[in-house]
Amino acid sequence: MADDQRTRRRFMWLTGTAAMAGLAGCAGGGGQDTEATTTTTATTTTESSDSTGGVPEAYATATAIGGNERNPERLSSQEAVSYQDEPKEGQQCSNCQYYIEDKNDDGLGACAIVEGKVAPEGYCVSYVAYEG
């Protein structure tokens, strides 16, 4: 697949993901069980608004192996990208251009476009092979 087609697909996928995330944020509790809704929303907001995107400070704006800089304000959730801790058909985070290698010797890295820590042998639908 040509790089421009891959870029177009990625753009379309990210646009759709962003739209779905926006719509999910608009869904309310409909006035029912306000206390439970407020608690859930507060928890989600706290996790999402974490200034480092759910990773230690060393990863907050680190550069991935492919050269992409991580922006904590523009990350997809692990759920949105179908993240899993196992590789898929030989594709895994440690050989993806968005992977940020382990910086604190805990065996986990991060991703330039996905929030939270990621396993080097993990996988998500945003995988793009590192060609370096």
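The following paragraphs describe the fold, the surface and one side-chain pairing of this predicted model.

Residues are numbered from 1 along each chain as its sequence is written. Because the model is predicted, local features need pLDDT of at least 70 and side-chain atom pairs count only at pLDDT 80 or more, while totals for chains, interfaces and linings use all residues; side-chain values use heavy atoms, with hydrogens and water left out.

The protein chain contains two helices and two strands, where helices (H or I, at least four residues) and strands (E, at least two) are DSSP runs numbered from the N terminus. Read from the N terminus, the order of these elements is α-α-β-β. Of the contacts in the chain with a separation of 6 or more, 71% join residues 24 or more positions apart; a contact means heavy atoms within 4.5 Å.

The protein chain has 132 residues, and 27% of them are buried, that is, under 20% relative accessible area, with exposed meaning over 50% and partly exposed in between (1.4 Å probe, protein chains only). Its accessible surface is about 8400 Å², and carbon and sulfur atoms contribute 50% of that area. Accessible areas come from the Shrake-Rupley method with a 1.4 Å probe, and for residues only the protein chains shown count as cover.

One salt bridge is found in the whole structure, the term denoting a side-chain nitrogen of Lys or Arg within 4 Å of a carboxyl oxygen of Asp or Glu. It joins the side chains of Lys-117 and Asp-106 at 3.0 Å, N to O. The pair links distant parts of the chain, 11 residues apart: Asp-106 lies in the loop between β1 (99-100) and β2 (110-111), and Lys-117 in the segment after β2. Lys-117 is partly exposed, with a relative accessible area of 33%, and Asp-106 is partly exposed, with a relative accessible area of 33%.
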